[in-house]
Each structure stands twice: as C-alpha cells, then as structure tokens.
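Here is a short report on one protein model. Keep the structure open while reading.

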Amino acid sequence: MTAPALSASSLICMGRSRRAGLMRPAVPAGHATEFREGMHARDASGLEESLAKGQLSLLPARNLDLLCLAGELWLTRDGDAEDYILGPGQRLAIGREDQAAVQALQASRFRLSFG
C-alpha cells in the first residue's frame, strides 16, 4: 500500500515502525506528495500547502518550520518517539535529517518556512 492510499485513521492506528517504513522509500519524481522548488508560490513567508481530510504530504529534507494555519494536522517523524497534533497557530521545527510526514485530520492549511 502506498502512502497516498492511506487514510488518517489507518496511519494513526498502525505501529510506529510500520509508519517509519512507509516514509523511508524514495518518493518517485512527479509524485503528488513531493515538494519541488517552484511548485507553490514562494515569498518571504515560505510555501503554503492545503490538504483535504486524510491527505498525506511528505515534507522536504530541509531545516524548516511548519505552522498550522487552519484545520488539524497530524505530524510524525522517523526516529521521534512522539507524534504531534497541530491546530491553528501551532508550529513545529523540522530538521534537515528528519524524515517527516504530515496528514490532515480535517481540511487543513499550513505554511513551511525554510531556515
């Protein structure tokens, strides 16, 4: 089963090692969850992304700050013992070495600021 085919409930319910295994394989070029330079409007405040309920997005391997603008996001990082639920106005720093994925628990919007 590929990452885009998973629902929010299936990711939350599966074990941490299984979720980590889903994030390890390389995402094929042109894949819908892949962030690419120029894919979204970029200004001084970073990239904004909208996700429908249950939609998953793999985060780029860069130092960045994720800010939830609307909705509710579930974020997991490979090797981190914690998972995170972010609501509007909440943020989380992601390191260059982190393999992280964010999934919308409801229709959501977030901003990535690069450091």
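## A charge over a ring

The charged end of Arg 62 lies over the ring of Phe 114, at 4.1 Å from the ring's centre. By contrast, the count of aromatic pairs comes to 0.

## Confidence

This is a predicted model. Mean pLDDT for the protein is 76. Residues at 70 or more make up 61% of the protein.

Among the elements, strand S5 (residues 83-86) has the highest mean pLDDT, 96. Strand S1 (residues 42-43) has the lowest, 48. Over residues 1-8 the pLDDT is below 50, and this stretch has 15 contacts in the model beyond near neighbours in sequence. Residues 25-43 also stay under 50. For residues 25-43 the model has 32 contacts beyond four places in sequence. Where pLDDT is low, predicted coordinates should not be read in detail.

## Strand S7 and its partners

Which strands pair with S7 in the antiparallel sense? Strand S2 (residues 46-51) does, over 5 bridges. Leu 47 stands opposite Leu 112 in S7. Strand S3 (residues 56-58) is another antiparallel partner, with 3 bridges to S7. Here Leu 56 faces Gln 103 of S7 as its opposite residue.

S4 also runs antiparallel to S7, and 12 bridges join the two. Leu 67 is opposite Arg 111 in S7.

## Strand S6

S6 pairs with S4, again in the antiparallel sense, over 4 bridges. Leu 64 stands opposite Ile 94 in S6.

The two faces of S6 can be told apart by cover. Leu 92 and Ile 94 form the covered face. Arg 91 and Ala 93 form the uncovered one.

## The nonpolar core

In soluble globular proteins, nonpolar side chains tend to be buried together. The largest nonpolar core of this model has 15 residues. Which of them touch the most other members? They are Leu 59, Leu 66, Leu 73, Leu 75, Ile 94, Val 102 and Phe 110.

Take Leu 66. Leaving aside neighbours within four places in sequence, Leu 66 is in contact with Leu 59, Leu 73, Leu 75, Val 102 and Phe 110, among others. Its contacts also include Leu 86, Leu 92 and Leu 112. Gln 90, Arg 91 and Arg 111 are on the list too.

Methods
Residues are numbered from 1 along each chain as its sequence is written. This is a predicted model: local features need pLDDT of at least 70, side-chain atom pairs count only at pLDDT 80 or more; totals for chains, interfaces and linings use all residues. Side-chain values use heavy atoms; hydrogens and water are left out. pLDDT is the predictor's confidence in each residue, from 0 to 100. Contact means heavy atoms within 4.5 Å. A nonpolar core is a set of buried Ala, Val, Leu, Ile, Met, Phe, Trp, Tyr and Cys residues joined through side-chain atoms within 4.5 Å. Buried means under 20% relative accessible area, exposed over 50%, partly exposed in between (1.4 Å probe, protein chains only). Two strands pair if DSSP finds at least two bridges between them. Rings of Phe, Tyr and Trp (its six-membered ring) pair if their centres lie within 6.5 Å; planes under 30 degrees apart count as stacked, over 60 as edge-to-face and the rest as tilted. A charge sits over a ring if NZ of Lys or CZ of Arg is within 6 Å of the ring centre and within 35 degrees of the ring normal.
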